[in-house]
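Student: I am new to this model. Please take me closely through one part, the surroundings of the ligand.

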Amino acid sequence: MSHQFAEIMFTEDVKSAQEEYGSRERLERFTSMAGPNDALGEREAAFIAQRDSFYLATVNKDGWPYVQHRGGPPGFLRVLGSQRMAYPDFRGNTQLVSVGNLSSNDRVSLILMDYPNRRRLKVLGHMRVENAYAVPEEDLTAVALPGYTAQVERVVYIDVAAFDWNCPQYITQRYTESEWAEIEASSHGEQS
Ligand SMILES: Cc1cc2nc3c(=O)[nH]c(=O)nc-3n(C[C@H](O)[C@H](O)[C@H](O)COP(=O)(O)O)c2cc1C
């Protein structure tokens, strides 16, 4: 099977642009040789388990893309299987743009960043939202965030269609306070 991310993303319009700017042949070779990248493996699951945020693009009824930032404790985007992820949406979210957009288009795009290691993962999928009372107990347990008092009102499922790792160029290294504290602590340890 060819590379599913490219299969989905290289539409006729994209292929025409590649043709025009001279990259079509190289990318066709990549599409047919790499992949399939249609199911998360151990590497992707481990990467996702460490992320404390991701960007989520949905598409509205009029074709406008909408990008939302989601944050939480590391691993709050749970990998439930090689082709399924889920996260909680809480009571009190009144805007519901991402949630509402799914009614006419369930296609989503995620980008997950690892700034310290200059890595990024893109995921394409189909998203659906279920009321918390209607989902299996094990899924509710899986998405529950320890120490969170907010009530999980919805569980958001993402069925993975394809993923792609991107090149590290142009990713500036950035650290959270706790990542930086760890680095400092280990460098002090080395000095003593
Ligand atoms: C009680 C409560 C808890 C929330 N928790 C989170 C959270 O953990 N992470 C987050 O990114 N946004 C959180 N939000 C903000 C929005 O609910 C969140 O950005 C949501 O994705 C917006 O949904 P939409 O994209 O469908 O409009 C919270 C909001 C409320 C009211």
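How do the residues of the shell around the ligand divide into nonpolar, polar and charged?

Tutor: Start with the ground rules. This is a predicted model, where local features need pLDDT of at least 70 and side-chain atom pairs count only at pLDDT 80 or more, while totals for chains, interfaces and linings use all residues. Residues are numbered from 1 along each chain as its sequence is written, and side-chain values use heavy atoms, with hydrogens and water left out.

Now the shell. It holds seven nonpolar, seven polar and two charged residues. Here Ala, Val, Leu, Ile, Met, Phe, Trp, Tyr, Cys and Pro count as nonpolar; Asp, Glu, Lys and Arg count as charged; the others, Gly among them, count as polar. In total, 16 residues surround the ligand, each with a heavy atom within 4 Å of it. The closest are Gln68, Arg70, Gly71, Val97 and Ser98.

Where do they come from? Strand E2 (65-71) and helix H5 (97-101) each supply at least two shell residues. Both are DSSP runs, numbered from the N terminus: helices are H or I, at least four residues, and strands are E, at least two. E2 gives the largest share, five residues.

Next, the polar contacts (pairs of N or O atoms within 3.5 Å). Arg70 places a polar side-chain atom 2.4 Å from a ligand oxygen. Ser98 also uses its side chain: an N or O atom there is 2.5 Å from a ligand oxygen. Gly71 uses its backbone, with an N or O atom 2.6 Å from a ligand nitrogen.

Methods
Polar contact = N/O pair within 3.5 Å; in protein donor to acceptor, adjacent residues only side chain to side chain.
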